[in-house]
Amino acid sequence: MSTTFQLDTATSRANPTPAPMKRLTIPAIRRRKKDGVTEDPIVMLTAYTARQAQLLDAHCDLLLVGDSLGQVIYGLSSSVPVSLDMMVNHGAAVVRGSYHAAVIVDMPFGSYEQSPQQAFESAARLLKETGCAGVKLEGGEAMAETVAFLTQRGIPVMGHIGLTPQAVNLLGGYNARGRSEAEAKKIVADAKALDEAGAFAIVIEGVVEPIAIEATRAVACPTIGIGGSPLCDGQVLVTEDMCGMFERVPRFVKRYADLAGVISGAAADYAAEVRARTFPGPEQTYQPK
């Protein structure tokens, strides 16, 4: 038995609860791809809070505490200012709120690029202080040595190639990658380098579909597409984009709900009732109009 935390939705408090941990493991995720084929596609969504993790956990194989929290949670213009402290705090919350999915935490910009040793210190802190199953870092061939250094020391690493948001200033925007022959070759070479270095999976973001498919077929580890191809071995989206929390979303995102509209409508109903002094008492149940 291992002690984890169950969020009491009645009080919004996380209470220690003895529970058998039945999480998916990194080796189990890696084994999904056999002889180049993944019959059971990998489902991954982002999560940043304990309650969000609770709601997503049963439906996902992987929960990604993405550095996209910079824009989604903190209103930053990019993920570049995100700190290691932010990732630790949100990563720990997501681990506390989940039981089933393996939790992966992004390594933020500046926490791993300097050297494999720096990357190990940052990754070790993330594993120690959050309880996550692994880390994700951006970069292809240039980061292969670092990926090998981490995996050889017991830290599971998910790679990330193609459109790499931490390099937005160098890339000049969030446009699809792989349109030129040189760029397409580099993306496939990046995937191979990470696979050979020991990455257990690779995110392929914002890559034209033929190149995403070629990269997927070129590696033994699973690939996770986001704006790549449905033929990747799995898919990931930012949950807030998928649930319609923002008016503008990337063109490859399907909006499965309009939570922004639901929340705004509920707030408008509440405000109207408060101003009209018809706000319901505690014995009444709120009914949306």
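Is Asp35 buried or exposed, and what is its relative accessible area? Asp35 is exposed, with a relative accessible area of 83%. Buried here means under 20% relative accessible area, exposed over 50%, and partly exposed in between, for a 1.4 Å probe and protein chains only.

The model is predicted: local features need pLDDT of at least 70, side-chain atom pairs count only at pLDDT 80 or more, and totals for chains, interfaces and linings use all residues. Residues are numbered from 1 along each chain as its sequence is written, and side-chain values use heavy atoms, with hydrogens and water left out.

Asp35 sits in the loop between β3 (33-34) and β4 (37-38). Helices (H or I, at least four residues) and strands (E, at least two) are DSSP runs, numbered from the N terminus. Asp35 is not a glycine, yet its phi is positive, about 55°. Arg277 is another non-glycine residue with positive phi, near 60°. Arg277 belongs to the segment after α11 (259-275). Its relative accessibility is 79%, so Arg277 counts as exposed.

The buried residues of α8 are Ala184, Ile187, Val188, Asp190, Ala191, Ala193, Leu194, Asp195 and Ala197. Their cover includes the helices α6 (144-151) and α9 (209-218). It also includes the strands β9 (157-162) and β10 (201-205). Just after α8, Gly198 adopts a positive phi of about 110°.

Notes. Contact = heavy atoms within 4.5 Å.
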